[in-house]
Amino acid sequence: METTWKAKKGAAGRKAGGPRKKSVTRSVKAGLQFPVGRIGHYLKHGRYAKRVGTGAPVYLAAVLEYLAAEVLELAGNVARDNKKTRINPRHVQLIVRSDEDLGKLLDGVTLTVEVVA
């Protein structure tokens, strides 16, 4: 006597809805901190192009993460030189104006600095 076995609906290829594997995000696969999925969503829905490849959000996330790390590291060094424990907008402005590449990238950007009297 043979028993016919049917998988439950929605089992996604698992036999009888067995233990589900933990999902691994594309950010984890790429070794990044920035959200690859969210950046991909913004690329698709931002109407930048009709089609967006699978590698585009990974590459963009890596570039943005690198730029953020670079700015934070340099601003942290400036804050430490000024004997401060926190980075404020003035520190960011100082490194943007002193660094040639960052200055070229952020040429038309206005960084607001509050003056406390």
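Me: How do the axes of helix 3 and helix 4 cross?

Reply: This is a predicted model, so treat all of it as computed. Helix 3 covers residues 56–81 and helix 4 covers residues 89–98. Their axes come within 9 Å and cross at roughly 110 degrees.

Me: Which residues make the contact?

Reply: From helix 3, Val71, Leu74, Ala75, Val78 and Ala79. From helix 4, His91, Val92, Leu94 and Ile95.

Me: How many of the residues in that contact are nonpolar, polar or charged?

Reply: The contact of helix 3 with helix 4 has 8 nonpolar residues, 1 polar and no charged.

Me: Tell me about His91. Buried or exposed?

Reply: His91 sits in helix 4. Its relative accessibility is 2%, so His91 counts as buried.

Me: What does His91 touch?

Reply: Leaving out residues up to four places away in sequence, His91 touches Ala75, Val78, Ala79, Asn82, Lys84 and Arg86. Ala75, Val78 and Ala79 also belong to the helix 3 side of the contact with helix 4.

Me: Switching to helix 2. How do its axis and that of helix 3 cross?

Reply: Helix 2 is residues 36–45. The axes of helix 2 and helix 3 come within 8 Å and cross at roughly 115 degrees. Helix 2 and helix 3 are therefore roughly perpendicular to each other.

Me: And is that crossing left-handed or right-handed?

Reply: Right-handed.

Me: Which residues meet there?

Reply: Helix 2 brings Val36, Ile39, Gly40 and Leu43. Helix 3 meets them with Ala56, Pro57, Val58, Leu60, Ala61 and Leu64. By class, the contact of helix 2 with helix 3 counts 9 nonpolar residues, 1 polar and no charged.

Me: Zooming out. How many helices and strands in the chain?

Reply: There are 5 helices and 0 strands. From the N terminus on, the order is α-α-α-α-α.

Me: How much of the chain is buried?

Reply: Buried residues make up 17% of the 117 residues. The accessible surface of the chain is about 10,300 Å², and 55% of that belongs to carbon and sulfur atoms.

Me: Last one. What share of contacts comes from residues 24 or more positions apart?

Reply: 27% of the contacts in the chain with a separation of 6 or more.

How values were computed: Residues numbered from 1 in each chain as written. Predicted model: local features only at pLDDT ≥ 70, side-chain atom pairs only at ≥ 80, totals over all residues. Heavy atoms only, no water. Axes fitted to C-alpha atoms, helices over the stretch in contact; angles between N-to-C directions. Helix = DSSP H or I, 4+ residues; strand = E, 2+ residues; numbered from the N terminus. Contact = heavy atoms within 4.5 Å. Nonpolar A, V, L, I, M, F, W, Y, C, P; charged D, E, K, R; others polar. Buried < 20%, exposed > 50% of the residue type's maximum accessible area, 1.4 Å probe, protein only. Areas by Shrake-Rupley, 256 points an atom, 1.4 Å probe, with all protein chains shown as cover. Parallel < 35°, antiparallel > 145°, perpendicular 65-115°, else oblique. Left-handed = near helix turned anticlockwise from the far one by under 90°.
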